[in-house]
Amino acid sequence: MILSDRDIREEINNRRITISPFDESCIQPASVDLHLDRKILVFRNSRRPFIDIHESLDDLTEMVEIQDKVPLILHPGEFVLGSTVESIGLPGDLVARLEGKSSLGRIGLLIHSTAGFVDPGWQGNLTLELSNVANLPITLYHGMRIGQISFLRLTSAAERLYGSPELGSKYQGQTDPTASKIYQDFKSP
């Protein structure tokens, strides 16, 4: 069941859902608007000819910052990682869905490729997978409304929350855009 604005407010007031910083005016009928943070993780193709999922991406990415009132230009076909200004926390009986704003989707900006699901127990800022599928460059500004998060109640609380040691959760507590850590799946135990 998707939570309504009334239920979202109640869960926030009871500190079961945490959103920090939180702006009451960002609550929509069944979601909360989220904003783009300053830091953007850009891929540099010149360092390696391909992405090997067995290896760290540290040498393929570079962190840049969006300056006040100066946009980052996302070119057609370009893919970067961003982050939400807001840190999100979920209890064991709620999951969340991150979706783009329709006004941005209508100009060709996608905010996630596959990572729109937020597990119960999640704590941290959400990494955004920003893609420009339009034919023209798109400007990205620090603090702009970039997406919306909705919340769904589970039939019962999860037994193992995201971040539990036995799950090997890779992104719990992240505060900046975080590159894929899939290479950790290939390390021997």
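Predicted model: local features only at pLDDT ≥ 70, side-chain atom pairs only at ≥ 80, totals over all residues.
Which side chains meet in a salt bridge at 3.0 Å, N to O? The side chains of E11 and R153 do, a salt bridge being a side-chain nitrogen of Lys or Arg within 4 Å of a carboxyl oxygen of Asp or Glu. This pair links distant parts of the chain, with E11 in helix α1 and R153 in strand β12, 142 residues apart. Helices (H or I, at least four residues) and strands (E, at least two) are DSSP runs, numbered from the N terminus.

Residues are numbered from 1 along each chain as its sequence is written, and side-chain values use heavy atoms, with hydrogens and water left out.

A search of the whole structure finds 12 salt bridges. Among them, E11 also meets R16, at 2.5 Å from N to O. A further salt bridge joins D93 and R153 at 3.8 Å, N to O. The latter pair again links distant parts of the chain: D93 lies in the loop between β6 (79-89) and β7, R153 in strand β12, and 60 residues separate them. Together, E11, R16, D93 and R153 are linked in a network of salt bridges. Side chains of opposite charge can pair when their charged atoms come close. E11 is buried, at 7%, and D93 counts as buried at 19%. R16 is partly exposed, with a relative accessible area of 30%, and R153 is partly exposed, also with 30%.

Strand β12, which holds R153, is part of an open sheet of four strands in the order β2-β12-β7-β9, with antiparallel pairing. In this sheet β2 and β9 (117-118) stand at the edges, each with a single partner strand, so one side of each is left without a neighbour in the sheet. Two strands are taken to pair if DSSP finds at least two bridges between them. Strand β2 (residues 32-35) is joined to β12 (residues 145-153) by four bridges, and the two run antiparallel; within this pairing, G147 in β12 is the bridge partner of L34. On β7 (residues 94-100), seven bridges make the antiparallel pairing with β12, where A96 stands opposite F151. Strands β7 and β9 pair in the antiparallel sense over two bridges, and R97 has F117 in β9 as its bridge partner. Strands of a sheet pair through backbone hydrogen bonds, either parallel or antiparallel.

D37 is buried yet has no salt bridge, and the nearest side chain of opposite charge, R38, is 5.7 Å away. In assigning charge, Lys and Arg count as positive and Asp and Glu as negative, while His and the chain ends are not counted. Leaving aside residues up to four places away in sequence, D37 touches I66, S83, T84, V85 and H142, contact meaning heavy atoms within 4.5 Å.

On the surface, I51, I53, I182 and F186 form a nonpolar patch with about 350 Å² of accessible area together. Patches are made of residues with over 30% relative accessible area and no salt bridge, like charges being joined within 9 Å and nonpolar side chains (Val, Leu, Ile, Met, Phe, Trp, Tyr) within 5 Å. Accessible areas come from the Shrake-Rupley method with a 1.4 Å probe; for residues, only the protein chains shown count as cover.

The peptide bond from S20 to P21 is cis, with omega near -5°, and P21 is placed in the loop between β1 (18-20) and β2. R15, although not a glycine, has a positive phi of about 60°. This residue, R15, lies in the loop between α1 (5-13) and β1 and is exposed, with a relative accessible area of 70%. K69 likewise has a positive phi of about 60° although it is not a glycine. The position of K69 is in the loop between β4 (61-65) and β5 (72-74), and at 80% relative accessibility K69 counts as exposed.

How values were computed:
Buried < 20%, exposed > 50% of the residue type's maximum accessible area, 1.4 Å probe, protein only.
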